[in-house]
Amino acid sequence: MSSQATSAAGGASYASAGVDIEAGDRAVELMKEWVKKTRRPEVLGGIGGFAGLFDASALKRYERPLLASATDGVGTKVDIARRLGVYDTIGHDLVAMVMDDIVVCGAEPLFMTDYICVGKVHPERVAAIVKGIAEGCVLAGCALVGGETAEHPGLLGEDDFDVAGAGTGVVEADRLLGPERIRTGDAVIAMASSGLHSNGYSLVRHVLFDRAGMSLETRVEELGRTLGEELLEPTRIYSLDCLALTRTTEVHAFSHITGGGLAANLARVIPDGLHAAVDRSTWAPGAIFDLVGTAGRVERLELEKTLNMGVGMMAVVPADSVDAALTTLADRGLDAWVAGEITERGDRAEGAELTGDYAS
């Protein structure tokens, strides 16, 4: 950001229009220490330039490197952070939404950039958001090489903000994961979510606040904490867990369970002619999912096409790789289980479906 010019007496200025360049400069200084924590050897320079630099010669070790990219935000979960005044966790959600999409094809996350849009720059607040993004990047194994903080007075309220990000990863061409690898008899492994993650918050906010009249300060015994603490729980970042699986056993595909729910996202990696049957009885969704369903009288199918129902990532592996996969995930402290199998599709229209009833 450039320094702010002094306007003529009575004349308009950027500051009088609501943009505080000095506050932006202060925010950049505060966030630098957190960005440094994400540094990888391939990163050149620091933040403050017009572009982040990543040494692509590091890709020479690949025979045929494929770059994978993704971009995303965290939806209306930002409203929960704003209302609670807690800004240092929403960045975890952002990294998860971006980098866990990238790892689905087997790609190693390399670097990420962010975009933070605010009604008014509060330097400490912006720095807290970047702190969360940086911590998320460390958990995903990628570098935060740059970003943008934009101040939009008149369009956003002084406390309003939104975040988005884009990331890049790399995978060897002959190790690319996806539908082409899946075979009949493969097992579907479910990995537990940390809660709602960052999807379905428009429904959740409508049900719990507008219809049930609950507040963020409400302590919910079934949750063991306040509603606000539950709703702000950071999204689990699976990137390094998934990469560990690819190193220790054979994996055919991953599916990141985000907007659209479990069946719809799993179907995206199931090839024509095959079908994934996922048995609900293999797990019990967390209390937050029952709370949303009960408070809003939301039908199960509506919940399932909106929320993750307790599963944040799925892996499709050969049957003889199940034990090694479950051991790897358990060693990493991640709850995982066999939730289904791959069969011939037959006359079924969908590539994936949920069967049975949830465990109690």
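What share of the 360 residues in the protein is buried? Buried residues make up 51% of them, where buried means under 20% relative accessible area, exposed means over 50% and partly exposed lies in between (1.4 Å probe, protein chains only). This is a predicted model, in which local features need pLDDT of at least 70 and side-chain atom pairs count only at pLDDT 80 or more, while totals for chains, interfaces and linings use all residues. Residues are numbered from 1 along each chain as its sequence is written, and side-chain values use heavy atoms, with hydrogens and water left out.

**The overall picture**

- The protein has eleven helices and 14 strands; helices (H or I, at least four residues) and strands (E, at least two) are DSSP runs, numbered from the N terminus.
- Among contacts with a separation of 6 or more, 84% join residues 24 or more positions apart, with contact meaning heavy atoms within 4.5 Å.
- The accessible surface comes to about 16,300 Å², and 50% of this belongs to carbon and sulfur atoms; the areas come from the Shrake-Rupley method with a 1.4 Å probe, and for residues only the protein chains shown count as cover.

**Aromatic rings**

- A pair of aromatic rings is described by the distance of the centres and the angle of the planes.
- Searching the whole structure gives four aromatic pairs; rings of Phe, Tyr and Trp (its six-membered ring) pair if their centres lie within 6.5 Å, and planes under 30 degrees apart count as stacked, over 60 as edge-to-face and the rest as tilted.
- In one of these pairs, the ring centres of W283 and W337 are 5.9 Å apart and the planes stand at 40 degrees, so the pair is tilted.
- W283 lies in the loop between β11 (274-279) and α9 (287-296), and W337 in strand β13 (residues 336-344), so this pair ties together parts that are 54 residues apart in sequence.
- W283 is buried at a relative accessible area of 6%, and W337 is buried too, at 12%.
- W283 also pairs with Y358: the centres are 5.4 Å apart and the planes at 70 degrees, so this pair is edge-to-face.
- Y358 lies in the segment after β14 (352-355), while W283 is in the loop between β11 and α9, so the pair ties together parts that are 75 residues apart in sequence.
- Y358 is buried, with a relative accessible area of 19%.
- Together, W283, W337 and Y358 form one aromatic cluster.

**Charges over rings**

- The charged end of R280 sits over the ring of Y358, 5.8 Å from its centre; the rule asks for NZ of Lys or CZ of Arg within 6 Å of the ring centre and within 35 degrees of the ring normal.
- The charged end of R83 sits over the ring of F209, at 4.4 Å from the ring centre.

- D279 has its place in strand β11 and counts as partly exposed at 29% relative accessibility.
- Leaving aside neighbours within four places in sequence, D279 is in contact with A339, T355 and G356.
- D279 and A359 are 80 residues apart along the chain, and their C-alpha atoms are separated by 9.9 Å.
- H256 is found in strand β10 (residues 253-256) and is buried at 5% relative accessibility.
- Not counting residues up to four places away in sequence, H256 touches A96, M97, D100, D101, V104, N265, G312 and M313.

**Positive phi values**

- H197 is not a glycine, yet its phi is positive, near 65 degrees.
- The loop between β7 (187-192) and α5 (201-211) holds H197, which is buried at 1% relative accessibility.
- R297, also not a glycine, has a positive phi of about 50 degrees.
- R297 lies in the loop between α9 and α10 (300-304) and is exposed, with a relative accessible area of 69%.
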